[in-house]
Amino acid sequence: MNVLVINSSPHLDKGNTAHVLNPFVEGMKEAGAEVEILYPRKMKIMPCEGCFDCWLKTPGVCRHRDDMAAALPKLAQSEVWVFATPVYVDGMTGTMKMFLDRIIPGAQPFFELRDGHNRHPRRDGAKEGGKVVLVSSCGFWEIDNFDPLVHHITAYCKNANREFAGALLRPHAGSLPALIQAGRAGEVITAAIDAGRQLVKEGKIAETTLQTVARELLPMEMYMKVTNTYFHQTLDANTGKKT
Ligand SMILES: Cc1cc2nc3c(=O)[nH]c(=O)nc-3n(C[C@H](O)[C@H](O)[C@H](O)COP(=O)(O)O)c2cc1C
């Protein structure tokens, strides 16, 4: 199984999102998957101009000459796409969205009906039955901070004719690095590894596994207190003023 991961966290493989993504990738590899990770932050990706040249003038080829030219065939050849993004302003990062916008050369302009809905036929021969997994982390405590992002990716999967295979979501992720260091997040990391194994071996991820990845790590009041203390101390030290 070929897996293409797009990790759009500006913190690359060291961020909160990567703390969940890395064990997930480990599990997929252990189960035999070939995994490649792209980091939009390191790539040259111009924003889509909306010119439709890639549909109507130079079919399948974008007018921009940048790193998306090499990424498009990789997408077409991968059965699983993993979109990894921290929650930014209740959605995905700008770099993730720029990447996704630039996938449209892989579709043809024509309208067709799929499940009673207007869609575009694919041009790039992307593998049938392809899956998408979302991996995300967010700073706020509540799990519902992921709702708009999950909704977006679910809609995208219908649009792109790919199966949404689940979301590894890590709320109150600000606490994750410290809790990992303290050995108190082992269950979350193990569940992320299991999710990778399950996806490759069984073609799906158990709901209970996803729930463990997202499970409460500490009570909200405590998380707010710890976080605010850190912000006060850092701000005071950086500015020399007491907040
Ligand atoms: C520009 C920006 C916008 C953010 N917006 C949200 C938000 O709307 N909701 C939320 O819970 N966290 C938000 N966060 C916090 C990040 O989602 C959180 O710190 C995440 O774990 C960072 O992941 P990373 O270390 O992989 O980059 C935002 C952070 C930044 C920098």
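**Entry 1: K201 and helix 7**

I started with K201 and found its place in helix 7. Before going on, I noted that this is a predicted model, in which local features need pLDDT of at least 70, side-chain atom pairs count only at pLDDT 80 or more, and totals for chains, interfaces and linings use all residues. I also noted that residues are numbered from 1 along each chain as its sequence is written, and that side-chain values use heavy atoms, with hydrogens and water left out.

My helices (H or I, at least four residues) and strands (E, at least two) are DSSP runs, numbered from the N terminus. For burial I use relative accessible area: buried is under 20%, exposed is over 50%, and partly exposed is in between (1.4 Å probe, protein chains only).

K201 counts as exposed because its relative accessibility is 62%.

With a relative accessible area of 27%, D194 is partly exposed. From D194 to I205 I get 8.4 Å, C-alpha to C-alpha, for 11 residues in sequence.

**Entry 2: the ligand**

Which residues come nearest to the ligand? I find S9, H11, T17, V87 and S137, out of 15 residues around the ligand. Here a residue is near if one of its heavy atoms lies within 4 Å. I sorted that shell into seven nonpolar residues, seven polar and one charged. In this sorting Ala, Val, Leu, Ile, Met, Phe, Trp, Tyr, Cys and Pro are nonpolar, Asp, Glu, Lys and Arg are charged, and the others, Gly among them, are polar.

Next I went through some polar contacts, meaning pairs of N or O atoms within 3.5 Å; within protein, one must be able to donate a hydrogen and the other to accept it, and residues adjacent in sequence count only if both atoms are side-chain atoms. H11 puts a polar side-chain atom 2.8 Å from a ligand oxygen. V87 uses a polar backbone atom, 2.7 Å from an oxygen of the ligand. At V89, a backbone N or O atom sits 2.9 Å from a ligand nitrogen.

How much of the ligand's accessible area does the protein cover? I get 73% of the 650 Å² that the ligand has on its own. Such areas come from the Shrake-Rupley method with a 1.4 Å probe; for residues, only the protein chains shown count as cover.

Most residues other than glycine have a negative phi. I place V89 in the loop between strand 3 (80-86) and helix 4 (94-101). V89 counts as exposed because its relative accessibility is 84%.

D115 is another non-glycine residue with a positive phi, near 50°. I found D115 in the loop between strand 4 (112-114) and strand 5 (117-119). At a relative accessible area of 80%, D115 is exposed.

Helix 1 runs over residues 16-30, and its 15 residues reach 22 Å from first C-alpha to last, close to the expected 21 Å. The expected span is 1.5 Å times one less than the number of residues. Among the buried residues of helix 1 I list T17, V20, L21, F24 and M28. After helix 1 comes G32, with a positive phi near 105°.

Helix 5 has 14 residues (147-160); at 1.5 Å a residue I expect 20 Å, and the end C-alpha atoms are 20 Å apart, so the two agree. Its buried residues are L149, I153, Y156, C157 and A160. Down the axis of helix 5 they fall within an arc of 105°, so they line one face. The arc is taken from the directions from the helix axis to the C-beta atoms. On the other side of helix 5 I see H151 and K158, which are exposed.

N145 lies in the loop between strand 6 (131-137) and helix 5. Is N145 buried or exposed? Its relative accessible area is 11%, so I count N145 as buried. The N145 side chain reaches the backbone oxygen of E142 at 2.8 Å.

L134 is in strand 6, and it is buried because its relative accessibility is 0%. I read 8.2 Å between the C-alpha atoms of L134 and A165, which are 31 residues apart along the chain.
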